[in-house]
Amino acid sequence: PYSALIPTTNPEELIKTYGKIGLGAYYMSSFDFSLEKRNQFQEYFLNNTRLKIPVAFVQEALHSGTAYGTIFPMPCAMSSTFDPDLIRRVHEIIGLEARIGGADRSFSPNINIYSDPRFGRYQEGWGEDPFLTSTMAVAAVTGLQGNTTQGYYNFTDNVISVSKHCCAYGANRAGQDGSAADVSERTLREIYFKPFQAVIKAGVGGIMPSHNEISVNGLPSHGNHWLLTEVLRNEWGFTGVFSSDYGDIAGLAGYHLTPTNEGAAVLSVTAGVDMDLGASAFPSLVQAVNSGKVSMQTIDRAAGYSLYSKFAGGNFDHPFADTSRTKILDNPVHRNLARLVSEQSIVLLKNTNNVLPLDISSIKSIALIGPNSNSTESQIGGYTNEGARVITPLETIQNFAKSNSVSFKYAQGCNIMNNDASLIPEAVSIASASDVAIVIVGDNQATCQEAWGGRSGDRTSLDLPGGQLDLIEAILQTGTKTIIVLINGRPATFGHNNTLLEKIPALLVAWRPGEEGGSAISNVIFGSAVPSGKLISSWPWSVGQIGGPSQPYYVKYRQYDGRTYTFEPHIPLFPFGFGLSYTTFRYSNLKINPTTIPTNGIVTISVTVQNVGQRTGAEVVQLYVSDVIASVVRYKKQLFGFKKVTLNPSQSQIVSFDVRASDLAFYDSYMNLIVEPGEFNCFVGGDSSADLQGSFFVASNKVTEISENLIL
């Protein structure tokens, strides 16, 4: 079967090993692997192997398609735009640049549900909500793959998407990478399966299983026949390729399921995996076939899906990369889109007395402070194909100050990785002498990344690491007008009881804003761009709230709903979907038509949204629905729709949502998917605390069982 290899800067070593039998795929993470070398590599395998099957070439392409290509914001930022059309356009460019860079498939998007911000890979995902994640996942996959014709993809401008990691990887215990997902089949189907069902229906070309064990049947995903074959293949009709994650087939031995690589390979290929990333175990399948431990029918199945993906992705028709198109990479149009996405992803969490935007005409001096003011590494984030020029806030804010004849000073202020306070006095000095202090803090890759190869990125605290809390406190004590900007991969807290947050007049979250992050941050601070980003998960008060009665926001009803915590509130710092603007929006005139629908009907919910402020701005209108009385315990509130609208001052617009009765389906106590008659409440507003409320009814004299395909 199809084996993929981690690259070496000397591909000749791979030719020595696989030059006669063939190579399934080459994992293109090497900076030194030029297009010319790629084509020479391909030519060798086409001319010298027995079957002359071309090699596939893989890029991660999480938020950039290739080395020297455009570096877009990370998915946690992209999702904050709540704009799937924009995200599709981004992934069209990522797919194009990946193809130009020599790849024909991508190990992206990462479409897990991430509700625990302690997890270092939070930044790679689209948030805690299954509806939002599913919507963004389809947008990303559609952008990467383009339009397919009879199962074949555009061979010149797109790549196959291998979406990951199925399933419940984000449900790991205590936010620790690779730990078990202790979830029921009900929770899998209601929450964690949703994005994967959505992309399979959208025609995704590949799926990567997750690292972890799923407790529903006690097996890791890479050896889970129920998950891969019974559910994804047989129940959902997935026809793409299953690619393992790196080393995870041999890693089955770490679960004490088998003592040998051969046993791991047999378990995994029998479960349904077609490709061994890292070639850690599948080479032993030759011996397993010869000894009768695995059938040739199973081998043919894996090889068949692998070969089909090569035909569909153009490997046979277009095996060589076009070396004439590299000038397209990171061109001005692509960079402008990266800046636009970054601007629209920035979330304004606090703006006391309308401190922002800053009026440059009233400012004589600016102090820029903080370890992330000039950190390209923190700004672009992980799984990045580097090489493009990265513009930091230090560059843009300094240039803006200079062009407006404003005095400018910069100080790092502190470190992220230690509590050394020696840099704070300089920062205090320049802040004290300035009209405004812009403090850019957050985290970095060392504190927020995939835990792999002996490194960690998971945390037990959400407090800003290192000396950053002390730095913020010291700057606030100067009395200078202070703006805090977070460049971060996860929500952050601000010390004991978040008392420091109460003192901060303005707080912006820029996430991992990509190569144009500096431009976007500067534009939002000084008002040429208006923030419209929304939170993709509840922002917890502390780590103690994670998994509690308010985080994630779609918790279920409980008998004693009024219980709280001692010393801390039971509500988050900021709710899911929250984000301020430089203007104000008013919701009114909620209409529901009809108010009663049959089990195959559709209800239309509309609301009037008006910009009652002084600036043009964009608002994400959000619809939430709850089942009032049900035969099993249901969620108190779930996102059912969102639309982003841009309104001029005084302008209003009617925003409508259609909800099918089948959208209200749930699993009964016997795990049958049903539409149950009854009353449903709907809530419309700018975040999950929306209180403009109405209700409608599903009317029937019986419960209606439906197909899974009707709910997507």
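Which loop holds Pro109? Pro109 sits in the loop between β4 (105-106) and α5 (130-145). Helices (H or I, at least four residues) and strands (E, at least two) are DSSP runs, numbered from the N terminus.

Welcome to this predicted model, in which local features need pLDDT of at least 70, side-chain atom pairs count only at pLDDT 80 or more, and totals for chains, interfaces and linings use all residues. Residues are numbered from 1 along each chain as its sequence is written, and side-chain values use heavy atoms, with hydrogens and water left out.

**Backbone features in loops**

Most residues other than glycine have a negative phi, and most peptide bonds are trans.

| Site | Feature | Loop |
|---|---|---|
| Ser108 and Pro109 | cis peptide bond, omega about 0° | Pro109: between β4 (105-106) and α5 (130-145) |
| Cys166 and Cys167 | cis peptide bond, omega about 5° | Cys167: between β5 (160-166) and α6 |
| Ala61 | positive phi of about 55° | Ala61: between β3 (56-59) and α3 (75-80) |

Two packed helices are described by the angle between their axes and the distance between the axes. Axes are lines fitted to C-alpha atoms, for helices over the stretch in contact, and angles run from 0 to 180 degrees between N-to-C directions.

Take helix α6 (residues 185-192) and helix α8 (residues 225-235): their axes come within 15 Å and cross at roughly 50°. That makes α6 oblique to α8; angles under 35 degrees count as roughly parallel, over 145 as roughly antiparallel, 65 to 115 as roughly perpendicular and the rest as oblique. On the α6 side, Glu185, Leu188 and Arg189 make the contact, and on the α8 side Trp226, Val231 and Glu235 do, where contact means heavy atoms within 4.5 Å. Sorted by class, this contact of α6 with α8 has three nonpolar, no polar and three charged residues. For these classes, Ala, Val, Leu, Ile, Met, Phe, Trp, Tyr, Cys and Pro count as nonpolar, Asp, Glu, Lys and Arg as charged, and the others, Gly among them, as polar.

Helix α7 (residues 194-201) also packs with α6, at an angle of about 55° and with the axes 6 Å apart. The pair α6 and α7 is therefore oblique. Arg189, Glu190, Ile191 and Tyr192 of α6 meet Lys194, Pro195, Phe196 and Gln197 of α7. The classes in the contact of α6 with α7 are four nonpolar, one polar and three charged residues.

Asn415 is found in the loop between β13 (407-411) and α15 (424-432). Its C-alpha atom is separated by 6.1 Å from that of Pro371, 44 residues apart along the chain. Beyond its neighbours within four places in sequence, Asn415 is in contact with Asp420, Leu423, Pro465, Gly466, Gly467 and Gln468.
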